[in-house]
Amino acid sequence: MKKLDKYLIKSFAGPFFMTFFIVVFILVMQFLWLYIDELVGKGLSFKIIMEFMGWGTATLIPTALPLATLLASIMTLGGLGENNELLATKAAGIPLKRILSPLIILSMLIVIGAFFISNNLIPVSYKKIYALRYDINKTKEEIKIPSGVFYDGIEGYILRVGEKDEEGLFHDVMVYDHTPRDGNKNVTLAETGYITITPDKKNMVFALNNGTTYTESTKLTYNDTTLDQSVVTFDSQTLYIPLDNYSFSRSDDSSFGNEVMAKNLKTLRVDKDSLNNKSTQDHADYVRRFFYDSQLNHYDQIDTLNAKLQPTGVFPYDECIAAIEDPEFLKARYYTNMVRDCDATIEAVNTYERNTYHIVDPLRRTTIEIYRKFTLSLACLIFFFIGAPLGAIIRKGGLGTPVIISIFFFVIYWVIDISGKKLARDGSMTPFIGTFISTAVLLPIGVFLTVKATNDSSLFNMDAYLLSLKNFWKKVVSLYYKVLGKFKKKGGRIDIVYMGTPEFAVGPLKALLASEYNVAAVVTVPDKQSGRGLKVNESAVKKYAVEKGIPVLQPTSLKDPEFISQLKSINADLFVVVAFRMLPKEVWSMPKLGTFNLHASLLPQYRGAAPINWAIIDGERQTGVTTFMIDENIDTGNILFSDSCVINSYDNAGSLHDRLMEMGSELVVKTTEAIARGTAKPSPQIAFSAIRPAPKITKETCTIDWNNNAENINLLIRGLSPYPAAHSTLVRGDEKLEVKIFEAYVCDTEEPRPAGTILTDGKTYLSVACGELSLRILDIQLAGKKRLEITEFLKGFRDADKYSFV
């Protein structure tokens, strides 16, 4: 067993046992509250009460196990997710299926244990419970004689005492003896008295002092109706009153073994076979009696497939009419007999239902109990596959959210299970459906949650649902405007001229085409020759436009009359500009809906050619994309829309470029839709702090100054990676090597060293001292060589520690 498996099992076992005992305790309290009236006031010993509670607790285990499994699985996986341990294991390449495998095995063991408890322990527990309840109910309550009232709690006697002092002595005592069952013929009056119970609780000893006993004879004759009375005065007298069932006595629990709940699976199957045979035999007898002993003489008419039968041959009504002078009388008599026969048949059917109830009802209850031996155990496994994925998704441990979710699912299960069981007992549904309906409801939920958790789905992420709702609403609005546009000029269609050059401009163009906008033409830079072979290179936008069959314009000058004429001939409604040159007024003012630009920053910050690079170099924590209407100046037009994002500590210019391109694509479509519908509301740019520019990146910008702070140098490297990349020079005597650095991180300096000094082990790391702290390089490239990770670089650069950076 691996350490991860041990840790997961240990993490699961603690919450499982804790929640199991908590749930059992709560259920036992409910059990005690249910039977408290039967236990109180009967003088039961502590041992008897504990035995009753113990067997009662055993009957609650199948109920507690599924809930404990559900709560423990949510707490375990939720705690791992909340502490980012689940994230760490997934990052290490361990899938959720592997993480759950030891817990699945553990839950299977719980299922097996729950089955044996249901099949072996629970029947014994119910047998003991039934016997103890019978014996407890048979035991009478303790004798407590109140003052001033007649007390008839002792069979055959009525007692009355005037008062009772602190020492337990009764005053003004009256005792009526009704054991002869002939009325009030024997009464004893005493000034004082006290009561004791014999140790075996079979007799009550009533010691009376200074009293009189009055007794009347019961002999009456025809001639003499007078009664004799005897009066006996005494100083002290002791009455022994027998007590029946005031002491707890055990009965044989084997007499309760016929109860369904007190049987194991083997016995239940035997009973089911016997009841089935009896039911089949009774059914055959009643069917035979129904057809042969009832008034349904022509029962073969029930067979609708018998086409040879003719009603005229069965009931010769016409012949009877011909033979009798009064046909109406015969007709009435005929129908009267029919109604009588039908009533007799209906009564026979009802009698069958009543007479077979004593077989059908036990058969249903037996079948239900057989299935429940499995469903209660299977519930543990289903609840695990609900709880574990839920914990992995919600990522909340402890007893807060997991308890609420667990109770919610358990209540659903329990309500469905009880309802199904009741309907099955009433015969409204089959025993199989009634007992397995709760499993059938929860099993798909468990499968669904497991699939979602395995795929890292954001099931409870409200933002995802809001996004789906937002997208749905956008489709509804888009459909509305499409229908509305059918009544407008050109069917509501707008023609767009798209202007852009680099890869960043390809994404918005794709998004416009995907949104079914008509891009009438694309404007980009002319093709250039570059490289040693002077190969002609086309811009990324041109390549995509040609692929999609969009006309491409490549003017050398944006003020060229021929180009202006071509643009006018297109008669476009809107110009969209992404990463392109500054447009002359004659161009951007041409379309009737105007010209807007997409800029990769949150304007008015970082106006210029390299906003992505400078946002990282300056250490910004946030950036974004903005669409604005073009005017005479660079990036100063009125803002239409903007969207922001966080700059992560691991972002470089390349990764941030890709994210902003995706965001910009969505923003271009959103802006185009708003302009087309007339809902766009441009607002002037307002600066809340000093405006930072984003000028073009130069060679001087890319040069590393090692006297600078390591944090600032690292920002420069990230802001220029992967292109054009920060560069420096390795120096060893007269030897100079140009290098580009693509990735690094800041580390502490072990000891003060001059800026640019290299510290390396020649194998795994290379650190460079800076003005403050040090920089550990991860990715580097020598001039004319390939880009390498530092470990690969050091393999071919053995004397790195003899060089320094300048």
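**Figure 1. Arginine 776 and tyrosine 765 in the predicted model.** The charged end of arginine 776 is positioned over the ring of tyrosine 765, at 4.4 Å from the ring centre. This view, like those that follow, is taken from a predicted model.

**Figure 2. Arginine 160 and phenylalanine 150.** Here arginine 160 lies over the face of phenylalanine 150. The distance to the ring centre is 5.7 Å.

Figure 3. Across the whole structure, a search finds 22 aromatic pairs. One of them joins phenylalanine 20 and phenylalanine 21: the ring centres are 5.5 Å apart and the planes meet at 70 degrees, so the pair is edge-to-face, the cut-off being over 60 degrees. Phenylalanine 20 is buried, with a relative accessible area of 13%, whereas phenylalanine 21 is exposed, at 53%. Both residues belong to one aromatic cluster, which also contains Phe12, Phe16, Phe17, Phe384 and Phe385.

**Figure 4. Phenylalanine 432 and phenylalanine 436 in helix α10.** The ring centres of these two residues are 4.7 Å apart, and their planes stand at 35 degrees, so the pair is classed as tilted. Phenylalanine 432 and phenylalanine 436 are 4 residues apart in helix α10 (residues 431-454), and about one helical turn therefore separates them. Phenylalanine 432 counts as partly exposed, because its relative accessibility is 46%.

Figure 5. Just after the helix, glycine 678 adopts a positive phi of about 80 degrees.

Figure 6. The bond from serine 721 to proline 722 is cis, with omega near 5 degrees. The bond from tyrosine 723 to proline 724 is also cis, with omega near 5 degrees. Proline 722 lies in the loop between α19 (710-720) and β18 (726-732), and proline 724 is found in the loop between α19 and β18 as well.

Figure 7. Aspartate 172, which is not a glycine, has a positive phi of about 55 degrees and lies in strand β3 (residues 170-177). Asparagine 210, likewise not a glycine, has a positive phi of about 55 degrees and is located in strand β5 (residues 203-216). With a relative accessibility of 40%, asparagine 210 counts as partly exposed.

How values were computed. Residues are numbered from 1 along each chain as its sequence is written. This is a predicted model: local features need pLDDT of at least 70, side-chain atom pairs count only at pLDDT 80 or more; totals for chains, interfaces and linings use all residues. Side-chain values use heavy atoms; hydrogens and water are left out. Helices (H or I, at least four residues) and strands (E, at least two) are DSSP runs, numbered from the N terminus. Rings of Phe, Tyr and Trp (its six-membered ring) pair if their centres lie within 6.5 Å; planes under 30 degrees apart count as stacked, over 60 as edge-to-face and the rest as tilted. Buried means under 20% relative accessible area, exposed over 50%, partly exposed in between (1.4 Å probe, protein chains only). A charge sits over a ring if NZ of Lys or CZ of Arg is within 6 Å of the ring centre and within 35 degrees of the ring normal.
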